[in-house]
Amino acid sequence: MDPTIIFALIVSFYVAWNIGANDAANSIATSYGSRALTLRQLVILCAILEFLGASLFGKNVVKTIAKGIVPIEILEPHLVVYGMIAALLSAGVWITIATYMHLPISTTHSIVGAVLGFGIAAASQGHLKVEMIKWSEIFGIMLSWIISPIVGAILAFSVFLLIRYILFSKFGSKKVEGVFRYLQVFTACYVAFAHGSNDVANAVAPLAPIFGYSAAGYYEIPREILIFGGIGIAVGVATWGYRVIKMVGERITELTYTRGFSAEFATATTVLSASALGLPISTTHTLVGSVIGVGLAGGLASINLRVVYKIILSWFLTLPVAMFLSIGLYSIMVVFL
Amino acid sequence: MKFFRSVTEVFGYSPFKPLVQHAILCGRALGLLQKQFEAYRRCDFSSVERLRDEIDELESEADNIKEEIRMKLSRSLILPVDRHDLLEFLKVQDEIINNCEHVGHMLTFRKMKIKDKIMFEFDVLLAKIMECINEYEEMIAHFSSLLESSFDKKEIERAMEHVKTIEKIEHECDEIQIGLHTILFNSEDLHPLDVHLMEEWVVHLGYIANSAARAADRFRIMILGR
């Protein structure tokens, strides 16, 4: 195998691992916070469902990132390979820096910014016209980044309000919490599946063109790369994610079963819908929206809105950083390889 | 652990546990004050001074909690109750322990041999105030069920019953105080300075129950005014 392809596989696997270790862990940690499941049970369940979500339902988002941003079919195949490797590496580097700095960035935003960077670089070198970059799709994706946390918030708000005004007042909060303890097992699976289906693309979408997708006569996403990404995420959950689950879960003990259920259900529904539409969105940001929704419905003792500013800041940081890294790396590869 | 990204920050600082802790300190301070009166009756003035210092320590611990809540309760937090109402409630609750501290200090101002009849009346008053503070602590303990049920109507009703009881007990304290004042101001055989100091005790003991009643009222405003 070509060494550049082996390199691409390693970077892709690393990004998938990082997604599993952090984002998958964060989205499922609410179930641990409310102690509905033990850490071990949760890790196994999360790894399996992330894998299933990725391999069964990840195709649409992969399609969007692979060729919904840059019209790769009109570029020379070797340029596409360089571009996708540059994008993957840029996203990987930025995600690593952000992880060390504890920034609540989105891997989705990173890869979208990085692929866009490759498109702009290709355009600047005359391989592509600027207007050929799929701007309307890009704006659609960006709009979905703003809308998804809001949808999560509205859904979670409604779900928790229903629980509060119908179930709590009828059966008393203690009884209801007891029942929702078991429902949290379901939402934990749901959110892991949804997360896998949307976020696997952040790691493996750039591999699709490398493995011939959209080249002449090859218009299907190779299933192998989804399975590859799914394994990467599952390994991330199992080897590092458990620590993140534990840490996050221990900090959010105030999230009772009904609150955890509302937040996870809203997040998973939003993310899975986005996956069906092929929209790459951030699960973590949607989760933050959902938690705020529960808080606004009177479900939490305290919500810190400062995190919203931090997230918005991370949007404005992630896109340009990933883009310029990608422009630089791609240009270097075109010149030297 | 360094390598992680997380969104736990969305869960903000919750002032409710510290508030309960602060109320518990108020109760403990009053317990010490009762012991201090007991020591005074025995003319064990070294214990009286030791207990004053212990109450001081509790008061400064309570002050730290108060400061912590004030510092961390930033405007970027969404709380289930109004931030301003909560701070006002905390301020009044803090007066309970402040008044315990005042009385604790005043017990060390002058060494007297108090007649059993008067001391008995003080014991009655202290027991009544203790009843008031116990009721107050029970009310504060409702925070957890109020939060868990997201301020369910029935839970609110249960908590509000304590407010009424506290107000009733506070009124009973007033009546005991009137009795004590009458006794003190009709004790021609006592040294005027003794009367004056004991009269100060009565007034400030009254403030303890009074602060509890006012804090309970702020609690009601905070909960019902959401």
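**Exercise 1. Find which residues of α2(A) and α7(A) meet, then describe the crossing.**

Step 1: list the contacts. On the α2(A) side stand A:L42, A:L45, A:C46, A:L49, A:E50, A:F51, A:L52, A:G53, A:A54 and A:F57; on the α7(A) side they meet A:A188, A:C189, A:A192, A:F193, A:A194, A:H195, A:G196, A:S197 and A:V200. Two residues are in contact if their C-beta atoms, placed from the backbone, lie within 7 Å. Helices (H or I, at least four residues) and strands (E, at least two) are DSSP runs, numbered from the N terminus.

Step 2: sort by class. The contact of α2(A) with α7(A) has 14 nonpolar, four polar and one charged residues. Ala, Val, Leu, Ile, Met, Phe, Trp, Tyr, Cys and Pro count as nonpolar, Asp, Glu, Lys and Arg as charged, and the others, Gly among them, as polar.

Step 3: take the geometry. The axes of α2 (residues 39-57) and α7 (residues 173-204) of chain A come within 7 Å and cross at roughly 45 degrees. That makes α2(A) oblique to α7(A). Angles under 35 degrees count as roughly parallel, over 145 as roughly antiparallel, 65 to 115 as roughly perpendicular and the rest as oblique. Axes are lines fitted to C-alpha atoms, for helices over the stretch in contact, and angles run from 0 to 180 degrees between N-to-C directions.

Step 4: assign the hand. The crossing of α2(A) and α7(A) is right-handed. A crossing is left-handed if the near helix is turned anticlockwise from the far one by less than a right angle, and right-handed if clockwise.

*Ground rules.* This is a predicted model: local features need pLDDT of at least 70, side-chain atom pairs count only at pLDDT 80 or more, and totals for chains, interfaces and linings use all residues. Residues are numbered from 1 along each chain as its sequence is written, and chains are lettered from A and ligands numbered from 1 in the order in which they are written.

**Exercise 2. Describe how α3(A) packs on α7(A).**

Step 1: angle and distance. Helix α3 (residues 59-67) of chain A packs on α7(A) at about 35 degrees, with the axes 7 Å apart. The crossing of α3(A) with α7(A) is right-handed.

Step 2: residues. A:V61, A:V62 and A:I65 of α3(A) touch A:N198, A:A201 and A:V204 of α7(A). By class, that contact has five nonpolar, one polar and no charged residues.

**Exercise 3. Work out the relation of α2(B) to α3(B).**

Step 1: geometry. The axes of α2 (residues 45-72) and α3 (residues 83-106) of chain B come within 9 Å and cross at roughly 165 degrees. The two helices α2(B) and α3(B) are therefore roughly antiparallel. The crossing is left-handed.

Step 2: residues. Those of α2(B) that meet α3(B) include B:L51, B:I55 and B:K66. On α3(B), the partners include B:L87, B:I97 and B:E101. The contact of α2(B) with α3(B) has nine nonpolar, three polar and seven charged residues.

**Exercise 4. Characterise the contact between the chains.**

Step 1: the two sides. Chain B gives 27 residues and chain A gives 37. On the chain B side, β1 (77-78) and α5 (142-148) give two or more residues. That side has 14 nonpolar, seven polar and six charged residues.

Step 2: strand pairing. β1 (residues 303-304) of chain A and β1(B) pair in the antiparallel sense over two bridges. Two strands pair if DSSP finds at least two bridges between them. A:N304 stands opposite B:L77.
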